[in-house]
Every structure is written in C-alpha cells, then in structure tokens.
Amino acid sequence: MELWFTERQTPALQWSCRVTKTLYSEKTPYQQLDIFETEQFGRMMVLDGMVMTTDQDEFAYHELLTHIAMSTHPNPKQVLVVGGGDGGVIREVLRYPTVERAVLAEIDGAVVEAAKRFFPQIAVGFQDPKVTIQIGDGIDYVRLHKDQFDVIIIDSTEPVGPGEKLFESPFYQSVAEALTEDGLVVAQTESPWVNQQLIHDVFQRMDHLFPVTRLYLGHVPTYPSGSWTFTLGSKKYDPLKKQTDELPTLTDTRYYHPKLYHALFQLPRFVEQLTSKKTTR
C-alpha cells in the first residue's frame, strides 16, 4: 500500500508527496508536529498539516530569508529570529563574522527538540555560544526588547492560528521599536500565486513604518506554488542602492550568491503590482 502526505494548500489546491515512513508524531501544546521520511525530499517536518522544512530544499528557503537582510546591513551584530525553530535561519546568520549574539524566539520548544533530533544539519547552529534560545511567545519578546537588534528575521508559519498575529500591524510596530536606529527586518510573506492579498497587505503595513520597503522573490519547491516572497523593511539601508562589491562574500551557500542579490528584486509584473497601494481584491 502506498502512503502519501497531502497538504491542503487552499480550499481548491492540494499537494502530495509519497511517504516511506513516519518517524515522529506529537501533539504539542501549540500544534500537531510530524516528521516523515519521503522519497522525493528526504525527511520532512510538518506542522498542523503544512510542510515547514525538508532535507532537500531547506537551504533555498533559509538562505533566501537570511542573506538579503544580513548582506544589506553593513555591520549586523545583534540578530533576532522570530520563529524558525528548525534552526536553519540561525545557521545562516552565523555565517557572518560580525554577529555577536543571535537570539531565537520560538513559541514551541518541541519544534526545537525535534529539529535537533531529526535535522541535525539544520539545527547545528544551536550549539554555538553566540546563540540564545528563548522558548516563548515571539510577539511578547519583541515587544519587551526595544532598540536592541540590528536585524530581525521573521521565520513564521502560515498566517493561521497563532501565526496570524505575526503578519499584523501591531507586531510590525513592535519590530520597528525593537530595531536599532539603522536596523532592518525581513519576513517570509507567502506565495504570489495563492496569497496575493496577504502580500499586498503586509507590504503596505511595512511601508507605513519603514522608509525603505522592498519585496523580493525566490523558489522553494515544497511551499505552495514553489514561488515565495519575502518583504524587507529598513530604517536606513536600501538593498537596491547597495553595490555588488560591498556585499559579503559567501562561498559555502547553495542557493544564494552575491550576483543573485539584486536579481531577486527584479519581479514579474504581476508580483510587482502587489506592492502598489491599490487593493488586490
């Protein structure tokens, strides 16, 4: 008998992957956590029926979410990751020698423990002495730590349940207050094919708070549609004005490289239109 994991991505769209084995299953205080072995993508972490990360394509998402913001800021010393319990963003942040402290604010400690056990190559950064893990509500953590971080990276789940507040204006206001005077934030902002209104709304919310707001686009095959957007808000530094020769040289990444930095901001017309003030409804 064939076993398949199916993610219901929208009421009209589903995505499936053949499963060879269920490695772990737990109902945490916050969500259903499952780890599967799959034929196509290796080990897969699933939260509440939605793919969070896999062995085969995790580098695409984690590098896209991390390296634009970290390369845009000229001297990122204090970095906060909200969510990201698998550790992939922390791993990428630690590639920058300027980093003195990297804080992970993750609400579900079970995700961190599962990542250490089943995805050690992703969670490897948790062992670094620069890293502090705060298990608790990331929204509260941001609100209570004003003017502390050069870069904040929001590695959130989909905008449902507890994750919904991570896409709303009050949270972005707290993020702006938690950043230093030249700080910047980046957030994953879902698929331009199935989450157009969300992308539009988040862009407008950040644009209201930050002098510089930019949308960029990459590809993550296990996420809905495979196309994925990221929204950056900056108090000072504009990635479009950054010179290529000013970018840090990263030689051991698999998706990102400095020549890709500016190219990611060259958007298809229908995606670029999501940044206009006109509603997409």
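Strand β11 (residues 212-219) is mostly covered, six of its eight residues being buried, where buried denotes under 20% relative accessible area, exposed over 50%, and partly exposed the range in between (1.4 Å probe, protein chains only). Strands and helices are DSSP runs numbered from the N terminus, with at least two residues (E) for a strand and at least four (H or I) for a helix. The model is a predicted one, in which local features need pLDDT of at least 70 and side-chain atom pairs count only at pLDDT 80 or more, while totals for chains, interfaces and linings use all residues. Residues are numbered from 1 along each chain as its sequence is written, and side-chain values use heavy atoms, with hydrogens and water left out.

**The sheet**

β11 pairs with strand β12 (residues 227-234) in the antiparallel sense over eight bridges; two strands count as paired if DSSP finds at least two bridges between them. Within this pairing, tyrosine 216 has phenylalanine 230 of β12 as its bridge partner. Strand β10 (residues 179-188) also runs antiparallel to β12, the two being joined by five bridges. Here leucine 184 has serine 234 of β12 as its bridge partner.

These strands belong to an open sheet of seven strands with mixed pairing, in the order β8-β7-β6-β9-β10-β12-β11. Its edge strands are β8 (131-135) and β11, each of which pairs on one side only. From one strand to the next the twist averages 15°. Helix α1 (residues 58-72) packs on the sheet and touches β6 (78-83), β9 (149-155), β10, β11 and β12, and its direction makes about 160° with that of β9. Contact means heavy atoms within 4.5 Å, and angles run from 0 to 180 degrees between N-to-C directions, with axes fitted to C-alpha atoms, for helices over the stretch in contact.

**Helix packing**

Two packed helices are described by the angle between their axes and the distance between the axes. For helix α5 (residues 169-178) and helix α6 (residues 196-209), the axes come within 10 Å and cross at roughly 35°. The crossing of α5 and α6 is right-handed, that is, the near helix is turned clockwise from the far one by less than a right angle. Ser169, Tyr172 and Gln173 of α5 meet Val202, Arg205, Met206 and Leu209 of α6 in this contact. The buried residues of α5 are Phe171, Tyr172, Ser174, Val175, Ala176 and Ala178. Their cover includes β6, α4 (138-143), β9, β10 and α6.

**Aromatic pairs**

The structure holds twelve aromatic pairs. Rings of Phe, Tyr and Trp (its six-membered ring) pair if their centres lie within 6.5 Å; planes under 30 degrees apart count as stacked, over 60 as edge-to-face and the rest as tilted. Two of the pairs are tabulated below.

| Pair | Centre to centre | Angle between planes | Class |
|---|---|---|---|
| Phenylalanine 5 and phenylalanine 36 | 5.6 Å | 35° | tilted |
| Tyrosine 223 and tryptophan 228 | 4.9 Å | 55° | tilted |

Phenylalanine 5 lies in strand β1 (residues 3-10) and phenylalanine 36 in strand β3 (residues 32-38), so their pair ties together parts that are 31 residues apart in sequence. Both phenylalanine 5 and phenylalanine 36 are buried. Tyrosine 223 and tryptophan 228 are likewise buried. One aromatic cluster is formed by Tyr61, Tyr216, Tyr223, Trp228, Phe230, Tyr261 and Phe265.

**Individual residues**

Glutamate 92, in helix α2 (residues 88-93), counts as buried because its relative accessibility is 0%. Not counting residues up to four places away in sequence, glutamate 92 touches His62, Glu63, Thr66, His67 and Thr253.

Phenylalanine 270, in helix α8 (residues 269-272), is partly exposed, with a relative accessible area of 28%. Leaving aside neighbours within four places in sequence, phenylalanine 270 is in contact with Pro192, Trp193 and Gln196. Phenylalanine 270 and aspartate 108 are 162 residues apart in sequence and 36 Å apart in space, C-alpha to C-alpha.

Two aspartates have a positive phi although neither is a glycine: about 50° for aspartate 48 and about 55° for aspartate 147. Aspartate 48 lies in the loop between β4 (42-47) and β5 (50-54) and is partly exposed, with a relative accessible area of 42%. Aspartate 147 is found in the loop between α4 and β9 and, at 51% relative accessibility, counts as exposed.
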